[in-house]
Amino acid sequence: MNSFISALYRLSIPVILLTIALILRPRVSQIGAEPLTLLQYLPYVLAVISGLLAMQFNRSRFLLLAVVTVAVYWLVQTRLQVSLDDVGAAQVFNTLAFGLPAIILALVLFDERGIFNPYGLIYGVVLCVLAWAAWQYAELVAQYVQQGSPWFVLWPRDGYVLSWAATVLNLLVAAVALVLVFIRRDQCEVALLGTLVAVWALLGWFYLPQASIALFAATGVLQIVALLRASHAMAYQDELTGLLGRRALNERLRGLGGRYALAMVDVDHFKKVNDTHGHDVGDDVLKLVASQLSRSRGGGTCFRYGGEEFCVLFPRRNIEECLDTVEHMREAVAGYEITLRDKSQRPRRSVDGAKRRSSKPRGAVKVSPNNLSVTVSIGLAEKSEELRSPEEVIAAADQKLYSAKKKGRNRVCA
Ligand SMILES: Nc1nc2c(ncn2[C@@H]2O[C@H](COP(=O)(O)OP(=O)(O)OP(=O)(O)O)[C@@H](O)[C@H]2O)c(=O)[nH]1
């Protein structure tokens, strides 16, 4: 899936969950005292589930987010059930108003490095320091309010409780998290953004009855869904290229009833790329090949088969119907140049880059001082009377790939 569309899809999950929470909120008050008491425990239960899953998958940011969510919910339930005219309640309110965005920003910026190592501890300590700083800052805020600063007063306008200063901070952190949702493929940014927006909404419209139960239940579900999606991605997606991996291919093939064609794609002389330019450049080349293969329109789904080998699956197609697409893929890879290190050599306009690429002769690995391009060999096979099982089709495509290599590489054999 295109990465922009997949980011929009990821974003749709918190939007749907928070909308449902806000729609269901008025009903929470109607459900009677006893069930309501039980329902108050729901956000705790969800946070415990999310924390346990995070530990199981060794995801420190998710675990810390679950702990922070529980702490915020507990504070709301135990310290903020009184008027904000109370000095103690106002300080807790402002601690949450400034502390939560600061903590979410830190979690957004942290790299995921697992839980059971020094980083897990350092991250935890950083969050504690931020919470303590927010508590101290809330005392300062009380002084600013006494001095009449319009930026820090609560109820800056009718119906909206959060001060403008806290609103701006929330807005900035939400903007950073939103940008990272589009840049990174991780699910955690979406959970962080959703939690930030939920607490922002809660504090902003603080006197809406039962908003905390509804919104915190929604963030609990959001965190669990994001964790499950992250673990699904770990199992099915190749981390380097973002393509689906071999396990996903095998499942897709088993589910295909009718005809299909399959292309095995292998980067030519890839060992030479690694040996000459290093493993990091080799990784960049694999990412580039993956993006060129998956960009091609023609009904194929691209998988990373392993190492420098990819597989493109064309459901409901035969070899003839996908030959042009596969040829296009080969040309797209061969026509693309990676610029190495010296960025001053990059063409200024994309038109110049395209011109430079189209004037380049075809062949295998080409290296100029600053540019590198690679080619791929492709073997094509289709399901038929003779090739019934997926294993047989893959073996036949592999055989054709071998022929393409033997015939000089940078070609398609079917
Ligand atoms: N950078 C990088 N290299 C990888 C990865 N996976 C496999 N490789 C390397 O890919 C190379 C594959 O080389 P070979 O199988 O000898 O084939 P080749 O050099 O591509 O030559 P031909 O296939 O005959 O054209 C090996 O050097 C592997 O170490 C990876 O994820 N990243």
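Two rings of Phe, Tyr or Trp count as a pair if their centres lie within 6.5 Å. By that rule, this predicted model holds 15 aromatic pairs.

One of them joins Tyr144 and Phe152, whose ring centres sit 4.8 Å from each other, with 40° between the planes. Planes under 30 degrees apart would be stacked and those over 60 edge-to-face, so the Tyr144–Phe152 pair ends up as tilted. Tyr144 comes out at 27%, so Tyr144 falls in the partly exposed class. Aromatic rings also gather in a cluster, made up of Tyr41, Tyr44, Tyr73 and Phe216.

Now for the helices. Helix α5 covers residues 87–109 and helix α7 covers residues 164–183; the two pack at an angle of about 15°, and their axes are 9 Å apart. Angles under 35 degrees count as roughly parallel, so that is the label for α5 and α7. The crossing of α5 past α7 is left-handed.

Which residues make the contact? On the α5 side they are Ala97, Phe98, Pro101, Ile104, Leu105 and Val108. From α7 come Ala165, Ala166, Leu169, Asn170, Val173, Val176, Ala177 and Leu180. What kinds of residue are these? The contact of α5 with α7 has 13 nonpolar residues, one polar residue and no charged ones.

Note on methods
Residues are numbered from 1 along each chain as its sequence is written. This is a predicted model: local features need pLDDT of at least 70, side-chain atom pairs count only at pLDDT 80 or more; totals for chains, interfaces and linings use all residues. Side-chain values use heavy atoms; hydrogens and water are left out. Axes are lines fitted to C-alpha atoms, for helices over the stretch in contact, and angles run from 0 to 180 degrees between N-to-C directions. Helices (H or I, at least four residues) and strands (E, at least two) are DSSP runs, numbered from the N terminus. Angles under 35 degrees count as roughly parallel, over 145 as roughly antiparallel, 65 to 115 as roughly perpendicular and the rest as oblique. A crossing is left-handed if the near helix is turned anticlockwise from the far one by less than a right angle, and right-handed if clockwise. Contact means heavy atoms within 4.5 Å. Ala, Val, Leu, Ile, Met, Phe, Trp, Tyr, Cys and Pro count as nonpolar, Asp, Glu, Lys and Arg as charged, and the others, Gly among them, as polar. Rings of Phe, Tyr and Trp (its six-membered ring) pair if their centres lie within 6.5 Å; planes under 30 degrees apart count as stacked, over 60 as edge-to-face and the rest as tilted. Buried means under 20% relative accessible area, exposed over 50%, partly exposed in between (1.4 Å probe, protein chains only).
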